[in-house]
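Here is a short briefing on a structure with its sequence. Look it over before you read the points below.

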Amino acid sequence: MANHAAVFCRKELRTFFDSHIAYIVITIFLLICGWFFFSDLFLVNQASMRNLFNIIPFIFMFFVPAVTMRLISEEKRSGTIEVLVTLPVRDHEIILGKFLAGLILIAVAVILTLVYAITLSGIGDFDFGSVVSGYVGLIFLGAAYLSIGIFTSSLTQNQIVAFITSFVIIFALFMLDKVLMFMPTLLASFLEYLSVSYHFSNISRGVIDSRDVIYYLSLIFFFLFLAVRALENRKWR
Amino acid sequence: MIQIKNLTKRFGELKAVDDVSFDVHTGEILGFLGPNGAGKTTTVRIITCYMLPTSGWVQVDGLSVFEHSLEVRRKIGYLPENAPLYSEMIVSDYLRFVMSVRGIAKERCSQRMKEITDVCGLGSVIHRNIGELSKGFRQRVGLAQAMVHDPEVLILDEPTSGLDPNQIAEIRGLIKELGKEKTVVLCTHILPEVEATCGRVLIINEGQIVADGSPAELQSSFQGKEQIYLELKTPSGDVEGKLANLENVESVEQIESDGNDLKKYTIECVKGVDLREKLFRLAVENSWVLLEMRREQASLEDVFRQLTTS
């Protein structure tokens with residue numbers, strides 16, 4: 001299983017980099033990050049990455065669906081999915097391979113922002129702990145967005161539809177804890193727990209709690225599971 | 001090698017495949033014919049484990065597509081319709097990708113790659129992007145992909161579409177060669193292709209099998225009249241009447257006459273009767289000059305048309 005997933009992962013990574021998707025997407029990601037980061041760094045006058053960790057979840061809302069939108073829908077559109085699923089591999093190995101490839105791409109993009117951390121560490125009093133936990137949070141957050149994007153990509157042949165649907169789902173999950181004041185208390189704590197941003201802010205604050213980790217892992221598992229089911233759907237229609 | 005029993009596949013109300021049963025044996029090239037939407041592709045997709053049937057079962061080499069899907073897929077090489085490929089990949093990378101998914105050991109890969117590029121004639125494009133290739137080369141890359149693991153069963157959905165006549169002849173030769181030891185299922189619309197390559201023909205229409213047999217068998221069982229084409233050189237006279245008066249003749253039709261003495265007829269007669277001897281004697285009696293006489297056989301195309309139109 002791990003073997004097949006690794007083969008698919010390698011293939012997707014090659015496609016990302018050969019077709020220049022990776023370079024374009026990473027460049028735009030870094031440009032936007034850089035602009036947001038440095039535009040108030042000197043105003044705030046603090047050697048803190050907090051600002052960056054606040055803005056990246058928003059950039060991810062566009063960045064991650066852009067990475068995932070073609071992963072399965074393009075295979076469906078071009079018909080290559082028929083070759084793929086008639087190879088002697090299980091459907092979840094295909095999904096897992098694509099997920100890992102996306103994760104590596106996101107990790108590369110995020111790691112490149114370490115340049116900011118290195119810069120800051122030279123110019124001020126710098127809290128390494130919160131930076132590490134911030135990056136851990138970003139990876140979890142990105143992985144959760146990825147699984148949503150892969151799921152929506154497995155539903156359609158159309159990349160644009162996949163992009164928009166995953167954006168809407170991610171946006172809804174992100175905004176859940178921003179609308180709590182309009183909700184009854186009982187529902188509010190429940191919705192808060194479902195929100196991706198709530199758990200992200202927990203982790204990026206420097207506390208890696210098992211509750212937040214479990215939340216992300218189960219979210220990732222849930223959407224990847226749905227993606228596998230969507231891929232298997234062809235068998236039962 | 002492939003056994004199919006009572007296979008039914010429904011898409012909602014539509015029965016794409018309706019209670020189909022047949023076997024394909026090792027060393028057989030099966031031509032799988034049918035008009036568009038007859039259920040060919042659906043049947044093939046079930047054999048290749050792309051879909052599961054609504055009811056009935058399929059076994060490949062004794063293994064069921066339900067319980068041993070992975071083993072079944074290992075034994076099969078499949079070229080889907082239109083040879084879908086990753087257009088952004090390089091041919092050799094693509095084949096290497098399929099090989100590693102198929103679990104072909106690294107040290108065997110390069111040797112196998114050489115063999116397959118030779119067999120499929122991919123030498124000149126092996127380092128090109130698939131997206132830049134012509135339809136013919138794409139088709140051959142698809143074929144290479146299907147044969148890369150030297151499968152026991154080869155299922156090809158319209159493998160020669162988009163190829164030029166030379167390439168078609170090459171691919172047909174290749175399929176024939178493979179068919180000696182392997183099991184080949186060839187889906188196609190191109191009837192001469194079936195006549196040239198397949199030992200057995202299966203015609204499917206509206207989800208049901210309407211004919212099964214060798215091309216020769218199908219032609220002889222064709223429900224039709226025997227036809228004889230006759231070309232005579234004769235001065236005027238009641239040729240048509242004399243011909244029609246012969247025993248067993250059902251109709252005589254003059255096709256064309258150039259105004260001179262040349263006359264062409266098609267004569268329909270009762271099935272199973274050979275009229276040629278009588279026609280010859282009649283011509284001698286009347287001293288007609290016999291220029292041409294031949295028995296018209298029902299072509300596979302006639303058989304196909306009759307069975308698939310209602």
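Two strands pair if DSSP finds at least two bridges between them. In chain B, S9(B) and S10(B) are joined by 5 bridges and run antiparallel. The model is predicted. Its scores are ipTM 0.87 and pTM 0.85. For chain B, the mean pLDDT is 84, and 96% of the residues reach 70 or more.

**Chain A: overall form**

- Chain A has 11 helices and 0 strands.
- Read from the N terminus, its elements run α-α-α-α-α-α-α-α-α-α-α.
- The radius of gyration of chain A is 19 Å, close to the 18 Å that the globule rule gives for 237 residues, so chain A is as compact as a globular protein of that length.
- The C-alpha trace of chain A spans about 55 × 45 × 30 Å along its principal axes.
- Among the 237 residues of chain A, 40% count as buried.
- Take the contacts in chain A with a separation of 6 or more: 78% of them come from residues 24 or more positions apart.

**Where the chains meet**

- Contact between the chains involves 19 residues of chain A and 21 residues of chain B.
- On the side of chain A that touches chain B, the elements giving two or more residues are helix H1 (2-18), helix H4 (80-85) and helix H11 (210-236) of chain A.
- H1(A) gives the most to that side, with 5 residues.
- By type, the residues on that side of chain A are 6 nonpolar, 7 polar and 6 charged.

**The sheet of chain B**

- Chain B holds an open sheet of 6 strands, in the order S6-S7-S8-S3-S9-S10, with mixed pairing.
- Strand S6 (76-79) and strand S10 (208-213) of chain B are the edge strands, and each pairs on one side only.
- From one strand to the next, the twist averages 15°.
- Strand S3 (residues 29-33) and strand S9 (residues 200-205) of chain B run parallel, joined by 4 bridges.
- In that pairing, B:Gly31 has B:Val201 of S9(B) as its bridge partner.

- Helix H1 (residues 40-47) of chain B lies across S3, strand S7 (153-157), strand S8 (183-188) and S9 of chain B.
- H1 of chain B runs at about 150° to S7(B).
- Helix H11 (residues 300-308) of chain B also packs on the sheet, where it touches S3, S9 and S10 of chain B.
- The direction of H11 of chain B makes about 30° with that of S9(B).

- Most residues other than glycine have a negative phi.
- B:Cys49 is not a glycine, yet its phi is positive, about 70°.
- B:Cys49 sits in the loop between H1 and strand S4 (55-60) of chain B.
- Is B:Cys49 buried or exposed? B:Cys49 counts as buried because it has 24 C-beta neighbours inside 10 Å, and the cut-off for buried is 20 or more.
- B:Ser287 is another residue other than glycine with a positive phi, near 45°.
- B:Ser287 lies in the loop between helix H10 (276-285) and strand S14 (289-296) of chain B.
- B:Ser287 has 8 other C-beta atoms within 10 Å, so B:Ser287 is exposed; the cut-off for exposed is 12 or fewer.

Methods: Residues numbered from 1 in each chain as written. Chains lettered and ligands numbered in written order. Predicted model: local features only at pLDDT ≥ 70, side-chain atom pairs only at ≥ 80, totals over all residues. Contact = placed C-beta atoms within 7 Å. Nonpolar A, V, L, I, M, F, W, Y, C, P; charged D, E, K, R; others polar. Axes fitted to C-alpha atoms, helices over the stretch in contact; angles between N-to-C directions. Rg over C-alpha atoms; globule rule 2.2 N^0.38 Å. pLDDT = per-residue confidence, 0-100.
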